[in-house]
Structure formats: C-alpha cells, structure tokens
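Here is a short tour for anyone meeting this chain for the first time. Have a look at the picture, then read on.

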Amino acid sequence: MKKVGLGEEPAAASKEEEDKELHDDVEQGRRNNNQGSPMKKTSACNQVDPFASTPKPSSGEKQAPALTCNPGAARALTTLLSDLMKHPHLLIAPLLVFCLVAALCSYGIMRATEASYKLEERHARDAANYAADGLAKQLSTACRAVLSLAAVVKMNPSWPFLESNFQVLAKELF
C-alpha cells in the first residue's frame, strides 16, 4: 500500500485497494474470532471487534454497546505521527503559538488577581476612614458637651443651682 504524505490526495485505485484490504482484514478478524472468545479484542485498535458473534442477552439483562475503532482513523493517526517524525519542524509554529497563548493567559490571570487585591485594599481603607471619621465626630460632640458642663460648673459650683438647671443643661448639651 502506498503511504500518502501531507497535502497529497490518494488516487482512486489506491482507495479501492484500501477498501479491499479493509474487507480482507475484517474477514480475517471474523475467522480469528470464531476460534476463540466471541468478545476478542482486535489488535489494531485494542477495542472490542464489532463483527464478533456475541451471545444474545437474556430478557432482563442489558448489553453494553460494543466499542469500535475506525481503522481509517487509526491509519491516519499513524501516518500523521510518521510524518511528524520525518519533519519535526512542523511542530515549531503550533508550539510557539501554544506557549504564547499560555503566557498571555498567565499574565492576564496575574493582572486580574492583583487588581482584585488592590480593589479590596481600597475598599477596606475607605471603610476604615469612614469609621474613624464617625468616631471623631462622636468624640468631638461628647467633648464639647463635657467642656460646656465644666464651664457651667466653674461659673457656679453650687449643687442646688446645678440640680435645678440640669434638665435645661442636658437638653442643650446632648
């Protein structure tokens, strides 16, 4: 059989030859399967031969579908691998593209993670500043009231005056 390289189309005669060889391979497999187990694995694809005679399942049993391997696909894969062994430079461009894409993805993930961390840090800083401003306003208000009360006590330290005016002072200060 003539091997077809990359970019070449198989001739019509070779296609017929391949079909004939495939038919012969199937016939040979059928003969081999009749000698051994009905679920014998084929050597080309290491899968269960779909042409093997299998026992019929009983009415309650389910039978798993037989796995098949396309011999044309196996042959194409073998041809591809042999061509790559002969011409390894064919892998350079895809390898470079893969490395470029992987590097760009890694860079993008790192930048997005860093931006997320900075955003969380900014939010935490803003929340802390807001809480500190609120606390400062509360302390300022409390200190103002305490200082005003201290000024009233200093002006007239007598207890009866403070007791009689406490309700008025409390409304004004707080």
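Predicted model: local features only at pLDDT ≥ 70, side-chain atom pairs only at ≥ 80, totals over all residues.

Residues are numbered from 1 along each chain as its sequence is written, and side-chain values use heavy atoms, with hydrogens and water left out.

**The overall picture**

Helices here are DSSP runs of H or I with at least four residues, strands are runs of E with at least two, and the numbering starts from the N terminus.

How much of the chain is buried? Buried residues make up 9% of the 174 residues. The cut-offs are these: buried means under 20% relative accessible area, exposed means over 50%, and partly exposed lies in between (1.4 Å probe, protein chains only). The accessible surface comes to about 14,700 Å², and 63% of that belongs to carbon and sulfur atoms; such areas come from the Shrake-Rupley method with a 1.4 Å probe, and for residues only the protein chains shown count as cover.

As for contacts (heavy atoms within 4.5 Å), take those between residues at least 6 apart in sequence: 29% of them join residues at least 24 apart.

**The bent helix**

Helix 4 covers residues 159-173. Where does helix 4 bend? The bend sits at Phe166 and is about 60°, taken as the angle between axes fitted to the seven residues ending there and the seven starting there. Leu162, Leu169 and Leu173 of helix 4 are buried, and the cover over its buried residues includes helix 3 (92-155).

**Charged pairs**

The whole structure has 2 salt bridges, each being a side-chain nitrogen of Lys or Arg within 4 Å of a carboxyl oxygen of Asp or Glu.

| Pair | N to O distance |
|---|---|
| Glu114 and Lys118 | 3.5 Å |
| Arg125 and Glu121 | 3.0 Å |

Glu114 and Lys118 are 4 residues apart in helix 3, so about one helical turn separates them. Arg125 and Glu121 are also 4 residues apart in helix 3, again about one helical turn. An α-helix has 3.6 residues a turn, so residues three or four places apart point the same way. Glu114 is partly exposed at 38%, and Lys118 is partly exposed at 48%. Arg125 is partly exposed at 44%, as is Glu121 at 47%.

**The cysteines**

How many disulfides turn up in the whole structure? The search finds 0, a disulfide being a pair of cysteine sulfur atoms within 2.5 Å. Cys105 is partly exposed at 44% relative accessibility, and Cys143 is partly exposed at 43%.

Conventions
Expected span 1.5 Å × (residues − 1).
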